[in-house]
Amino acid sequence: MHVLRTYNQDLARSTKLEDLQSHEVFIERDWAMKFIPLVYRESQSKWYGKRGLNWHITVASYRATAVDTEVETAIVFDTIIHLFDNASQDARISNAILEDSLMLIKKKNPQITEAFIRSDNAGCFHGHLSISAIAEMNKRTGIHVRRLDFADPQGGKSICDRRAAHIKSAIGKYVNEGNNVRTAQEFMLAVQKSNMLNISLVLAEAVPGQNPPVKQKLKDIMSINNFEYSSDSFKVWRQYSIGNGKSYPLHQSDRPHALDKAIQVLSVFET
């Protein structure tokens, strides 16, 4: 059954990518494993007890349009990396990262008006605060999130993991040239020195705060894996495209509290 559920949930991604329109973007997001600081030369005693750097990966897939012919080309993949020296990987920070990513996508591609989002089942993504934040996010970013889909638990790696491997390889080469990567700023510099394309690096810091209370809660939310949003309601399914789904109204009281200012962007670098 696990293999069948995994295959069925993956259809949410493959079906949309096959039919992706010029005004749509497909987004996959994930927190990468904490990056352990690297030093070109260090003693064994200094190798222990390091505090890892937090970095979040967002991969946006969309169809580019040739400027001269206005003909849609193949799908283009843009990677957005949010870097923190220290941050909590909770729903509040994750919502702020998603909002900032949507704004960056909109700035680079003004023609995009709709988004389809996929992530794993981490609590910072698959929770009441994240679900309720979408309605307010739709009004603030200029991009309407149409669907929010979650992979089946233990359903394998995503494109975010592949992009993380490419970036860590580039950083490894940078360190082997005699450099150190111990902070988010040095992490950003290392990627800037590489020849990687279609990457946006966002150096940010977390703003202290707590997750706001959410009044609208769904029973057994972790068993619900697909959400579809309209202007005043959303529909849920346990498995992708199986059954008619169940509709819920979007409570107005949840919207103002779902998106507090949780991150402060310090600098942005785009390749």
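**Entry 1: Leu 38**

In which loop does Leu 38 lie? I found Leu 38 in the loop between β1 (24-31) and α2 (44-47). Before going on, I note that this is a predicted model, in which local features need pLDDT of at least 70, side-chain atom pairs count only at pLDDT 80 or more, and totals for chains, interfaces and linings use all residues. Residues are numbered from 1 along each chain as its sequence is written, and side-chain values use heavy atoms, with hydrogens and water left out. Helices (H or I, at least four residues) and strands (E, at least two) are DSSP runs, numbered from the N terminus.

I looked up the accessibility of Leu 38 and got 33%, so Leu 38 counts as partly exposed. The cut-offs are under 20% relative accessible area for buried, over 50% for exposed, and in between for partly exposed, with a 1.4 Å probe and protein chains only.

I then listed the contacts of Leu 38, leaving aside neighbours within four places in sequence: Ile 171, Val 175, Asn 180, Val 181 and Arg 182. Contact here means heavy atoms within 4.5 Å. Val 181 is 143 residues from Leu 38 along the chain, yet their C-alpha atoms are separated by 5.1 Å.

**Entry 2: α5 and α6**

Next I took up a helix pair. Two packed helices are described by the angle between their axes and the distance between the axes. At what angle do α5 and α6 pack? I read an angle of about 90° between helix α5 (residues 159-176) and helix α6 (residues 184-193), with their axes 9 Å apart. α5 is therefore roughly perpendicular to α6. Axes are lines fitted to C-alpha atoms, for helices over the stretch in contact, and angles run from 0 to 180 degrees between N-to-C directions. Angles of 65 to 115 degrees count as roughly perpendicular, under 35 as roughly parallel, over 145 as roughly antiparallel, and the rest as oblique.

On the α5 side I noted Ile 167, Ile 171 and Tyr 174; on the α6 side, Phe 187, Leu 189, Ala 190, Val 191 and Lys 193. By class, this contact has 7 nonpolar, no polar and 1 charged residues. In this sorting Ala, Val, Leu, Ile, Met, Phe, Trp, Tyr, Cys and Pro count as nonpolar, Asp, Glu, Lys and Arg as charged, and the others, Gly among them, as polar.

**Entry 3: the largest pocket**

I looked up the largest pocket and found a volume of about 710 Å³. A pocket is an open set of points on a 1 Å grid over the protein atoms alone, where a 1.4 Å probe fits, with protein on both sides within 12 Å along at least five of seven lines; lining residues have an atom within 4 Å of a point. Grid points are joined across faces, edges and corners, and the volume is the space filled by probe spheres set on the points.

Which residues are closest to the centre of the largest pocket? Of the 32 lining residues, I found these to be Asp 30, Gly 156, Lys 157, Ser 158 and Asp 161. Two or more lining residues come from each of α1 (2-18), β1, β2 (54-65), β4 (114-119) and α5. α5 gives the most, with 7 residues. By class, I noted 13 nonpolar, 7 polar and 12 charged residues in the lining.

**Entry 4: two positive phi angles**

Most residues other than glycine have a negative phi, and most peptide bonds are trans. Asn 198, not a glycine, has a positive phi of about 55° and lies in the loop between α6 and β6 (199-206). Asn 198 is partly exposed, because its relative accessibility is 31%. Asp 220, also not a glycine, has a positive phi of about 55°. I placed Asp 220 in the loop between β6 and β7 (226-229), and at 47% relative accessible area Asp 220 is partly exposed.

Lys 108 is in helix α3 (residues 91-108) and touches Tyr 62, Asp 78 and Asn 198, not counting residues up to four places away in sequence. Its relative accessibility is 38%, so Lys 108 counts as partly exposed.

Is Gln 239 buried or exposed? At 17% relative accessible area, Gln 239 is buried. I found Gln 239 in the loop between β8 (233-237) and β9 (246-249). Beyond four places in sequence, Gln 239 touches Arg 5, Asn 8, Gln 9, Asn 225 and Asn 226.

Asn 138, in helix α4 (residues 128-141), is buried at 13% relative accessibility.
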